[in-house]
Amino acid sequence: MSTLTHFDAQGQAHMVDVADKAHTRRVGVASGSIHMLPATFELVQSGTAKKGDVLGIARIAGIQAAKKTSDLIPLCHPLALTRVAVAFAMNADNHSIACTATVETVGQTGVEMEALTAVQIALLTIYDMCKAVDRGMTITDVRLLEKHGGKSGSYVGR
C-alpha cells in the first residue's frame with residue numbers, strides 16, 4: 001500500500017500538488033442504496049409523495065453535490081466536470097432504491113469523490129423528502145464501483 005498523499009513529510013495535512021500530472025479523461029462511478037418501508041417505496045414509485053417528484057429532485061441534488069464536492073471535502077480540488085449522470089433503480093423485492101452516479105472530467109485528478117458525494121446526497125435527498133412517513137430508512141452500501149484515467153489506471157470494484 002502506498003503512503004497517504006494528503007500528508008506532507010511532517011505529517012501535516014495539505015492539498016496534493018497535481019501541477020505535473022497529465023490531463024487525461026477521468027471517470028468515477030459510485031453506487032449506494034436506500035431501504036424503506038413498503039408504503040414509502042410505493043409513494044416514491046407512484047410519484048404521489050407530498051413534496052413532489054422524489055427521484056427527479058434527488059437526481060438534481062446529486063448533480064449539484066458532485067459540482068460542490070470541493071466545498072464539502074477540505075482537500076479535494078475544484079474540478080471542471082464534463083458530465084454528471086445520476087440514475088436510480090427501484091427494487092420492489094426489498095423496497096429499496098439503488099443510486100448510481102457517473103462523473104467525468106478531463107483533468108489532472110480523479111472524480112471518485114465527486115461520484116461518491118453525488119450518491120450520498122441523492123440518497124439523503126430521498127430520505128429528506130420521505131422522512132415524514134418513514135424515519136427508519138437506511139442508506140447502505142455506498143462505494144466506488146470503478147474509476148478510470150490517470151497514472152494509476154483503472155479500478156473496478158468487486
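Here are a few questions and answers about this predicted model.

Me: Which helices each supply at least two residues of the lining of the largest cavity?
Reply: The search of the whole structure turns up one cavity of 30 Å³ or more, and about 30 Å³ of space lies in the largest cavity. Its lining includes Ala 66, Lys 67, Thr 69 and Ser 70. Two helices each give at least two lining residues: H2 (54-67) and H3 (69-72).

Me: How do the residues of that lining divide into nonpolar, polar and charged?
Reply: Among the lining residues are Pro 78, Leu 79 and Leu 81, along with His 77 and Glu 114. Sorted by type, the lining comes out as four nonpolar, three polar and two charged.

Me: Is Gln 120 buried or exposed, or something in between?
Reply: Gln 120 sits in helix H4 (residues 112-130). Buried would need under 20% relative accessible area, and exposed over 50%. Gln 120 has 34% relative accessibility, so it counts as partly exposed.

Me: Leaving out residues up to four places away in sequence, what does Gln 120 touch?
Reply: Ala 30 is 90 residues from Gln 120 along the chain, with 9.5 Å between their C-alpha atoms. As for contacts, which take heavy atoms within 4.5 Å, Gln 120 touches Ile 139 and Val 142.

Me: Why are the buried residues of H1 on the same side of the helix?
Reply: In helix H1 (residues 38-46), the buried residues are Thr 40, Phe 41 and Val 44. They end up on the same side of H1 because the arc they cover around the axis is only 100°.

Me: What do the buried residues of H1 pack against?
Reply: H1 is followed by Gly 47, with a positive phi near 75°. The packing partners of the buried H1 residues are H2, strand S2 (81-91), strand S3 (96-107) and H4.

Technical notes:
Residues numbered from 1 in each chain as written. Predicted model: local features only at pLDDT ≥ 70, side-chain atom pairs only at ≥ 80, totals over all residues. Heavy atoms only, no water. 1 Å grid on protein atoms, 1.4 Å probe; cavity = no way out; pocket = protein on both sides within 12 Å on 5 of 7 lines; lining within 4 Å. Points joined across faces, edges and corners; volume = space filled by probe spheres on them. Helix = DSSP H or I, 4+ residues; strand = E, 2+ residues; numbered from the N terminus. Nonpolar A, V, L, I, M, F, W, Y, C, P; charged D, E, K, R; others polar. Buried < 20%, exposed > 50% of the residue type's maximum accessible area, 1.4 Å probe, protein only. Arc of directions from axis to C-beta.
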